[in-house]
Amino acid sequence: MTAHIHLTEPNPHQTLTLAFPGDGVALRGRVRIPGDKSISHRALMLGAIAQGETRIQGLLLGEDPRSTAACFRAMGVQMSNLEDEWVTVQGVGLGNLQEPADVLDAGNSGTTLRLMLGLLASHPDRFFAVTGDSSLRSRPMGRVIDPLRQMGAQIWGRQGDRQAPLAVRGTTLKPIHYQSPVASAQVKSCLLLAGLMTEGDTTVTEPSLSRDHSERMLRAFGANLSIDPDTCSVTVHGPATLTGQTIVVPGDISSAAFWLVAGAITPGSDLVVENVGINPTRTGILDALQAMEADITLENPREVTGEPVADLRVRYGPLKAAHFGGDLIPRMIDEIPILAIAALFAEGTTVITDAAELRVKECDRLAAMASQLTALGAKVEEAPEGLTIHGQSALKGATVESFGDHRVAMSLAIAALRTEGETVIQRAEAAAVSYPSFVETLERLCGLPSEP
């Protein structure tokens, strides 16, 4: 079989067709991945509310950060073109976001909407309306609205004030100590942002540690934070003053994960993924793959703008099944779809538990991965909070659906590397949310010519 990859033009959606021999095509070379999506959002937001200019290098140029930029531009923040190597943000200072003339549109970005709510709710005497695409309008917002209301926020929305579109009347908030029932960086970050303009101490305690990009960046911008790792608590002492900074965004480990798994499952592969952020709150996928005995080594470890970074080398080798759950899951929640692909080619049965959070992402990722991998011939069982994946099933090409979810689309593309026959992925344009050059990079690493 001649290996090939073909991406159609949108009409209104794209399909991605992939065909490889059953044992795949070796991936070789070096790849530099897009900037970290979580850090990109936060750099734009904090730059917008800081005093003075913020310069950002390596910003992710995907659809989600563009939604963040569009929202803050609509509130009077000047930002340079997001196509440039360096993006500049002229901060307006805390409390100075303008009331927008129209509805703010967060697109497909839950991070944009949830984090921004903390800022909007704490801007007194201003009215904001916020919406998103059909996927975002179906996602739960009560997890941030409830604690914000405990602080005195005035927020209304659909489905009992649980879903967008949302209306926000900014007001002066009061500090609280919030015991979050879930480990969620979005909940934590929303409340910390609300606490920036709140007199007193706003504290968030989680059941386990979620990613800490907000804490690192808030401190870099000058906020006064106290962190207690023993109780998984963070406190912002308000009100704060933020000052513009120079930010270098490391590569996104969530994007790196696709190439780490691709290299680990495809015979003959030897890849180096450059400049990957290895923040310990995000490296669950490395721990999981190493537990499966993947051949991954860290090279050239260093620190960039307060974030640990390294180059990751992955080589093909046999994988072993493992069980994953507990505190590891929040550290790799976005990488579980691609971890499921690694499990397909491992010896034994892999069990993933405690991952119910995946049901309220861009789509129900547990249901999506179970159904679409089954369509390819895999043996996968869906549970309320996870998946059971029986390894070493022979996969056969089929037409599968991304459900408009970027991580599902890219995970299915990596599965196609070891699938006999032709795999067609519907709504493949979803990959552009976090990785606009994914298809071109896959072609290059497989040694295939790019389409004209």
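**Entry 1, A346.** I began with A346 and found A346 in strand β21, which covers residues 346-347. The model I am reading is a predicted one. Is A346 buried or exposed? Its relative accessibility is 0%, so A346 counts as buried, the limit being under 20%. I then looked for what surrounds A346. Setting aside the neighbours within four places in sequence, I listed M292, L319, K320, A321, G391 and Q392 as its contacts. For one of these, K320, I also noted the spacing: K320 and A346 are 26 residues apart along the chain, and their C-alpha atoms are separated by 4.8 Å.

I looked up G200 next and placed it in strand β12, residues 200-205. Its relative accessible area is 24%, so I put G200 down as partly exposed. Which residues does G200 touch, leaving aside its neighbours within four places in sequence? I wrote down P175, V236, H237 and G238. I also checked G200 against K174: the two are 26 residues apart in sequence, and the C-alpha to C-alpha distance is 7.7 Å.

I followed an open sheet of four strands, in the order β20-β22-β24-β23, and noted that the pairing is mixed. Which strands stand at the edges? They are β20 (323-324) and β23 (379-383); each has a single partner strand, so one side of each is left without a neighbour in the sheet. Helix α12, residues 365-375, packs on this sheet and touches β23 and β24. I recorded about 160° between the direction of α12 and that of β23. Inside the sheet, I looked at β22 (residues 349-352) and β24 (residues 386-390), which run antiparallel and are joined by four bridges. Opposite V351 I found T388 of β24.

**Entry 4, the sheet with β4.** I then traced another open sheet of four strands, ordered β5-β6-β4-β15, again with mixed pairing. At its edges are β5 (78-79) and β15 (246-248), and each pairs on one side only. How do β4 and β15 run? Strand β4 (residues 51-57) runs parallel to β15, and three bridges join the two. I picked out R55, whose bridge partner in β15 is T246. Helix α1 (residues 37-49) packs on this sheet, where I found it touching β4, β5, β6 (86-92) and β15. The direction of α1 makes about 40° with that of β6.

I stayed with α1 and turned to its helix neighbours. Helix α3 (residues 110-121) packs with α1 at an angle of about 25°, their axes 11 Å apart. That makes the two roughly parallel, because the angle is under 35 degrees. From α1 I listed H41, R42, M45 and I49 in the contact; from α3, T111, T112, L115, M116 and L119. By class I have five nonpolar, three polar and one charged. I noted the crossing of α1 and α3 as right-handed.

Where α1 meets helix α2 (residues 63-74), the axes come within 9 Å and cross at roughly 10°. Which residues meet here? K37, S40, H41, L44, M45 and A48 in α1 meet D64, P65, T68, A69 and F72 in α2. I sorted this contact into six nonpolar, three polar and two charged residues.

Definitions and conventions: Residues numbered from 1 in each chain as written. Predicted model: local features only at pLDDT ≥ 70, side-chain atom pairs only at ≥ 80, totals over all residues. Heavy atoms only, no water. Pairing = 2+ DSSP bridges. Contact = heavy atoms within 4.5 Å. Axes fitted to C-alpha atoms, helices over the stretch in contact; angles between N-to-C directions. Parallel < 35°, antiparallel > 145°, perpendicular 65-115°, else oblique. Left-handed = near helix turned anticlockwise from the far one by under 90°. Nonpolar A, V, L, I, M, F, W, Y, C, P; charged D, E, K, R; others polar. Buried < 20%, exposed > 50% of the residue type's maximum accessible area, 1.4 Å probe, protein only.
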